[in-house]
Each structure stands twice: as C-alpha cells, then as structure tokens.
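The following report describes one protein model, with the criteria for each term given where the term is used. Please read the text alongside the sequence and the structure shown here.

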Amino acid sequence: MFKRALFQAGRNNIAARRSAHALRFFATTPDASAIAKARDLLAQGTLHLEQQDFEGANAAFEKSVQLHPTSDGFYNLANTLFSLGKSSDAVKAWTRCIDIEPHQIDAHVNLANVYALSLRDPVKAIEHYKIAASINPADGEVQYNYAVVLDSMGRLEEAIKLYDSASKNGIEEAEKHSRNAKARLLGKRIAEQNTAKP
C-alpha cells in the first residue's frame with residue numbers, strides 16, 4: 001500500500017555525487033586520515049549492499065560512523081540494520097542521520113514507514129511524514145503514505161487533501177483512495193445526522 005520503499009538503494013551513491021559536501025562534520029573534526037578511512041568504509045559498505053551482504057555492509061558502515069559520523073553513514077547503517085531485522089537500532093541510526101542533516105527526506109520517510117508498518121506507532125509516523133512533506137511539498141509518494149496513515153486513523157478530511165495532492169503529483173492510485181475516503185466521510189456524516197435527529 002505504501003509507495004516509497006524503506007530501503008532507498010539509490011541513496012548509496014549520493015556520497016560520490018556530493019563532492020566536497022559528502023562528509024559532514026559532527027561534534028569534533030577528525031584528522032584527514034580518519035575522514036579518508038571513513039569514506040573508504042562507506043564505499044566498502046555500498047559494495048556489500050550491492051551484493052546483498054547486509055552483515056558486511058553493517059560492519060563497514062558501523063566502522064565508518066565511528067571514525068567520522070556522517071548523515072550518509074548513519075543513513076546507510078540504518079538501512080542495513082533494518083534489512084537485518086533490527087528495527088529499533090535502525091530507528092536510532094536514522095535519527096542520528098537526521099541530527100546531522102535535519103532535511104534528509106529519505107531518512108524521515110524511512111522512519112515514518114517503520115513507525116507506521118513495523119512499530120505500529122502512527123503518531124510518530126505522522127510526525128516524520130509531516131516533516132518530509134514540508135521538505136518537499138511536491139513529493140507525491142510522501143503525501144500518499146502520509147494520507148494512508150491518516151486514513152487508517154480515521155482522520156479522513158486530512159487524508160483526502162493529501163490523497164488529492166498526491167494524485168496531482170503523479171500517484172495514480174491516490175485518486176481511488178481519495179474517492180473511497182470521501183465516500184466513508186459522507187457515510188459518517190449521514191450517520192451522525194441520523195443520530196442527531198429526535
């Protein structure tokens with residue numbers, strides 16, 4: 001039902017595309033050799049991921065963030081932890097990623113999806129979907145996922161607005177879900193009117 005996958009494979013190559021901004025400084029500035037080693041470990045972890053070796057990727061990313069904590073390192077570490085079935089540890093790593101880079105939309109989306117699907121905490125899910133939607137208001141996948149959680153909570157009016165926005169932003173099935181939510185909302189209003197009659 002959700003649109004954006006928890007594991008964003010394309011994210012692993014972002015460090016290579018960012019040039020000078022690939023590694024962000026956090027707390028203290030390590031020496032150049034630690035930064036270089038952390039960068040190498042990040043690349044090794046990515047290779048392990050491409051081979052579906054989540055244990056190897058996890059080890060490489062763990063060492064990378066120990067040497068030099070970066071948003072990319074924690075993001076990829078979180079993805080591998082989640083793939084290894086360690087949801088709570090993944091949440092901590094995505095949270096560290098966001099501590100370093102607050103506008104890291106994929107980390108917010110992954111957190112929201114894990115809270116919604118694995119940890120069954122829709123309130124926390126909504127918190128992160130809301131942030132992700134504010135970072136990129138034209139992201140139809142975020143709007144759709146956000147709407148699904150609101151819909152499941154019975155917050156139909158809010159869900160309808162987001163379904164409609166997601167539909168305008170290219171998510172085809174959002175239109176069908178919007179119609180269904182509108183029908184449920186209408187049914188709810190009719191029932192309330194019938195109950196209010198003497």
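Glutamine 52 is exposed, with a relative accessible area of 54%, where buried means under 20% relative accessible area, exposed over 50% and partly exposed in between, as found with a 1.4 Å probe on protein chains only. Glutamine 52 lies in the loop between α2 and α3, and its phi is near 60°, a positive value in a residue other than glycine. Most residues other than glycine have a negative phi. Arginine 120 likewise has a positive phi, of about 50°, although it is not a glycine; arginine 120 is located in the loop between α6 (105-118) and α7 and is exposed, at a relative accessible area of 62%.

The model is predicted, so that local features need pLDDT of at least 70 and side-chain atom pairs count only at pLDDT 80 or more, while totals for chains, interfaces and linings use all residues. Residues are numbered from 1 along each chain as its sequence is written, and side-chain values use heavy atoms, with hydrogens and water left out.

The protein holds ten helices and zero strands, where helices (H or I, at least four residues) and strands (E, at least two) are DSSP runs numbered from the N terminus. Along the sequence the pattern reads α-α-α-α-α-α-α-α-α-α. Of the 198 residues of the protein, 46% count as buried. Among the contacts with a separation of 6 or more, 55% are accounted for by residues 24 or more positions apart, a contact being heavy atoms within 4.5 Å.

Over residues 38-71 the chain is 82% helix and 0% strand, and the end C-alpha atoms are 12 Å apart.

Two helix pairs can be described in detail. Helix α2 (residues 32-50) and helix α3 (residues 54-67) pack at an angle of about 165°, with their axes 8 Å apart; axes are lines fitted to C-alpha atoms, for helices over the stretch in contact, and angles run from 0 to 180 degrees between N-to-C directions. That angle makes α2 roughly antiparallel to α3, since angles over 145 degrees count as roughly antiparallel, under 35 as roughly parallel, 65 to 115 as roughly perpendicular and the rest as oblique. On the α2 side the contact includes Leu41, Leu42 and Leu49, which meet residues of α3 including Phe54, Phe61 and Leu67. By class, the residues of the contact of α2 with α3 divide into ten nonpolar, six polar and two charged; Ala, Val, Leu, Ile, Met, Phe, Trp, Tyr, Cys and Pro count as nonpolar, Asp, Glu, Lys and Arg as charged, and the others, Gly among them, as polar.

Helix α7 (residues 122-135) and helix α8 (residues 140-152) pack at an angle of about 155°, with their axes 10 Å apart, which makes α7 roughly antiparallel to α8. The crossing of α7 and α8 is left-handed. Among the residues that make the contact are Pro122, Ile126 and Tyr129 of α7 and Val142, Tyr146 and Leu150 of α8. This contact of α7 with α8 has ten nonpolar, one polar and one charged residues.

Asparagine 136 lies in the loop between α7 and α8 and counts as partly exposed, at 32% relative accessibility. Lysine 92 is found in helix α5 (residues 87-100) and is exposed, with a relative accessible area of 55%. Lysine 176, in helix α10 (residues 173-196), counts as partly exposed at 42% relative accessibility. The table lists a C-alpha to C-alpha distance for each of these residues.

| Residue pair | Separation in sequence | C-alpha to C-alpha distance |
|---|---|---|
| Lysine 92 and alanine 78 | 14 residues | 7.7 Å |
| Asparagine 136 and histidine 103 | 33 residues | 9.5 Å |
| Lysine 176 and aspartate 164 | twelve residues | 9.7 Å |

Note on methods: A crossing is left-handed if the near helix is turned anticlockwise from the far one by less than a right angle, and right-handed if clockwise.
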